[in-house]
Amino acid sequence: MRYSAVPSQSDAARTGLPTSEGQRELARLLADELTAAGAADVHLSETSVLTARIPATDPAAPAIGFCTHLDTVDSGLSPVVRARVVDYDGVSHGGDLVQDAATGTAIRLADHPELARYAGQRILVSDGTSVLGADDKAGVSTVMQLACDLLAADSRTGAGEPHGDVVLSFVPDEEIGLRGVRTMELDRFDVAWAYTLDSCELGEVVEETFNAATCTLTVTGVATHPMRGKGVLVNPILIAAEVIDRLDPSETPEWTEGREGYVWVHDVVGDQSTCTLTISVRDHDRAGYEEKKARLQRIVEEVAAAHPRAGLELVIDDVYANLADARTSANEHALAHVYTALDRLGIAPIPLAMRGGTDGSWLSTQGIFTPNVFTGAHNFHSAAELLPLPSFAASYRVCRELVRLAAGG
Ligand SMILES: [Zn+2]
């Protein structure tokens, strides 16, 4: 609740990091708490990447990391979060979860049938005017609790339970294209593998993410008064439309699911002189991803050849990669440990090839295999975001087990 009270939306329109003062404020708050708890190497970077280390009690055990993000998404809702705990009985108000009795704002059972699973539980929600921000403050809270509990046990007994170095990172601006994690000083995150705690309901394990590219096509035409247009005018908008027309219409977000990739044209800005398309390419499969980018390149070349007086420039920027591609024989037990932890705790696993990316997708491109563990929350990026407290507690217990398992426990 304390963390959710700090407004920390990221702002895609701003340059420089962090993109909001609230993220810096939250990072400072966490840094102070970690320092007070006795963490080592507490470091807050210029871009508000906070790193800290819980020193090993078993120097032979491998170092592992946990990465969470400081920002919450700007969904056009209120930046101020008023979190509250509701005892949800699943029966009153027709099974709807009332967020604010005064205004009658509620999460409707009809719209969110998953609510039924949580009848009889205490659930954390917003007042309905904002997201809850469990994405990712549930993750932040869980990791902070883990840090404080490990440090307290270690200082009480001299050496609590055996564990290797546990390195924490809290990064800004995840929601606006993983901007923050890319500025992480990796020598401050020297781990054998890591986990993100970001999204997903009880039991979900993200073991794959997309490979992702942002492609920008700029078409330059020839502008002239249309009265003298014949043979002179080159319309960049129509040429951009030709490129769109050659894309596979079945290979779009609205026609794909599961492990099917897509090419998504999502921004068009044009006038008489230039037209710019922004296109996202996504695929879990590396070969499929490369093929999609190559096909786009080929289409642009063909259209360019048909319009010698136009200029077509395609820039392809690889943004992040499938975290599964960082899996090696030296780190693959990172994932096995998640399933062992879930099994020990009696939680049914829900493996997921996520149709998106996490900070772990970027860390994985740097060779740090980073699967994602659930936080327990539902309905991210909406006013109906909710976090059942038993799921939240289960996420914490999984992390405790992961620390134990890494040390062979
Ligand atoms: Zn998130």
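Predicted model: local features only at pLDDT ≥ 70, side-chain atom pairs only at ≥ 80, totals over all residues.
The model contains an open sheet of 8 strands with mixed pairing. The strand order is S1-S2-S8-S3-S9-S16-S10-S15. Helix H1 (residues 21-37) lies across S1, S2 and S8, and runs at about 165 degrees to S1.

A UniProt annotation from an unreviewed entry, "domain: Peptidase M20 dimerisation", covers residues 209-305. In the model this span is 32% helix and 30% strand, and its end C-alpha atoms lie 36 Å apart.

Helix H3 comprises residues 236-246, and its buried residues are Pro-236, Ile-239, Ala-240 and Val-243. These residues are on the same side of H3, because they cover an arc of only 100 degrees around the axis. An α-helix has 3.6 residues a turn, so residues three or four places apart point the same way. The cover over the buried residues of H3 includes strand S11 (211-220), strand S12 (262-270), strand S13 (274-283) and helix H4 (286-306).

Helix H7 (residues 389-406) has 18 residues. The distance from its first C-alpha to its last is 26 Å, close to the 26 Å expected at 1.5 Å a residue. The buried residues in H7 are Ser-391, Phe-392, Ala-394, Ser-395, Val-398, Cys-399, Leu-402, Val-403 and Ala-406. Gly-408, which follows H7, has a positive phi, near 85 degrees.

Asn-331 is located in the loop between strand S14 (311-320) and helix H5 (333-344). Asn-331 is classed as buried because 21 other C-beta atoms lie within 10 Å, where the cut-off for a buried residue is 20 or more. With its neighbours within four places in sequence left aside, Asn-331 is in contact with Ala-192, Trp-193 and Phe-369. Asn-331 and Asp-71 are separated by 260 residues in sequence and by 29 Å in space, C-alpha to C-alpha.

Key. Residues numbered from 1 in each chain as written. Buried ≥ 20, exposed ≤ 12 C-beta atoms within 10 Å, placed from the backbone. Helix = DSSP H or I, 4+ residues; strand = E, 2+ residues; numbered from the N terminus. Arc of directions from axis to C-beta. Contact = placed C-beta atoms within 7 Å. Pairing = 2+ DSSP bridges. Axes fitted to C-alpha atoms, helices over the stretch in contact; angles between N-to-C directions. Expected span 1.5 Å × (residues − 1). UniProt positions renumbered as here; feature names shortened; annotations may be inferred.
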